Amino acid sequence: MRTLFLIAFLTVSSLSFAQEGVTVSGNAISITEIPPIWPGCTGNAAETKACFKKELVKHVVSNFRFPKGYKKGTVKEKVVVDFVINEEGKPQILGVKGGTKVLQEEAKRNILAIPQMTPGKAGGSPRAIKYTMPFTF
């Protein structure tokens with residue numbers, strides 16, 4: 001009986017002190033991922049996520065420069081950049097695929113120019129959140 005009481009107490013205690021964003025359902029534990037917050041975005045998680053997407057697209061479009069020798073509409077190439085917003089809120093390139101080296105470098109430059117932001121979280125701790133951004137030239 002004492003052992004059963006101790007197990008019940010420890011279970012209740014651990015659930016009471018669970019971190020933000022952690023859900024326990026039966027034998028499954030799920031951790032809610034909270035995306036990074038773009039400077040100036042406010043609101044609940046859904047609003048800041050939508051704002052992040054909108055601001056990222058705006059950033060990519062407004063900061064894009066065609067490399068020397070390329071003109072808009074003359075290139076039919078796609079470059080895909082995999083990156084994270086790291087635990088410090090800064091962009092970090094994981095990989096780049098497609099296109100020429102020059103176009104890849106422009107896509108990387110554009111992503112690395114993303115402003116410092118509030119990092120994403122998972123389980124209440126800062127976490128690197130992964131994104132994939134396609135650039136179609």
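# Exercises on a predicted fold

At 41% relative accessibility, Gln92 counts as partly exposed. Buried means under 20% relative accessible area, exposed over 50%, and partly exposed in between (1.4 Å probe, protein chains only). The model is predicted: local features need pLDDT of at least 70, side-chain atom pairs count only at pLDDT 80 or more, and totals for chains, interfaces and linings use all residues. Residues are numbered from 1 along each chain as its sequence is written, and side-chain values use heavy atoms, with hydrogens and water left out.

**Exercise 1. Is Asn86 buried or exposed?**

Step 1. Locate Asn86. It sits in the loop between E4 and E5.

Step 2. Read the accessibility. Asn86 counts as buried because its value is 8%.

Step 3. Name the contacts. Beyond four places in sequence, Asn86 meets Gln92, Pro119, Arg127 and Ala128.

**Exercise 2. Describe the pairing of E4 and E5.**

Step 1. Count the bridges. E4 and E5 run antiparallel and share 6 bridges. Two strands pair if DSSP finds at least two bridges between them.

Step 2. Ile85 faces Pro91 of E5.

Step 3. Check the turn. The hairpin of E4 and E5 has 5 residues between the strands, and Gly89 there has a positive phi near 85°.

**Exercise 3. What is the strand order of the open sheet of 3 strands?**

Step 1. Read across the sheet. The order is E3-E6-E7, and the pairing is antiparallel.

Step 2. Find the edges. E3 and strand E7 (125-127) each have a single partner strand, so one side of each has no neighbour in the sheet.

Step 3. Zoom in. Strand E6 (residues 120-122) is joined to E7 by 3 bridges. Ala122 has Ser125 of E7 as its bridge partner.

**Exercise 4. Show that the buried residues of helix H3 line one face.**

Step 1. Size the helix. H3 covers residues 101-112, which is 12 residues. Its first and last C-alpha atoms are 16 Å apart, close to the 16 Å expected at 1.5 Å a residue. The expected span is 1.5 Å times one less than the number of residues.

Step 2. List the buried residues. In H3 they are Leu103, Gln104, Glu106, Ala107, Asn110 and Ile111.

Step 3. Look down the axis. These residues fall within an arc of 160°, so they line one face of H3. The arc uses directions from the helix axis to the C-beta atoms. An α-helix has 3.6 residues a turn, so residues three or four places apart point the same way.

Step 4. Find the cover. It includes H2, strand E4 (78-85), strand E5 (91-97) and strand E8 (129-136).

Step 5. Gln104 has a relative accessible area of 16%, so it is buried. Leaving out residues up to four places away, Gln104 touches Val79, Val96, Lys97, Gly98 and Gly99.

**Exercise 5. How many aromatic pairs does the structure hold?**

Step 1. Count. There are 4 aromatic pairs. Rings of Phe, Tyr and Trp (its six-membered ring) pair if their centres lie within 6.5 Å; planes under 30 degrees apart count as stacked, over 60 as edge-to-face and the rest as tilted.

Step 2. Take one pair. Trp38 and Phe52 are edge-to-face, at 5.7 Å centre to centre and 70° between the planes. Trp38 lies in the loop between strand E3 (33-34) and helix H2 (45-63), and Phe52 in H2, so the pair ties together parts 14 residues apart in sequence. Both Trp38 and Phe52 are buried.

Step 3. Take another. Phe64 and Phe66 are also edge-to-face, with 5.0 Å between centres and 90° between planes. Phe66 is partly exposed, at 30% relative accessibility.

Step 4. Find the cluster. Trp38, Phe52, Phe83 and Tyr131 form one aromatic cluster.

**Exercise 6. How many helices and strands does the protein have?**

Step 1. Count them. The protein has 3 helices and 8 strands.

Step 2. The elements run α-β-β-β-α-β-β-α-β-β-β.

Step 3. Of the 137 residues, 29% are buried. Among contacts between residues at least 6 apart in sequence, 65% join residues at least 24 apart.

Terms used. Helices (H or I, at least four residues) and strands (E, at least two) are DSSP runs, numbered from the N terminus. Contact means heavy atoms within 4.5 Å.
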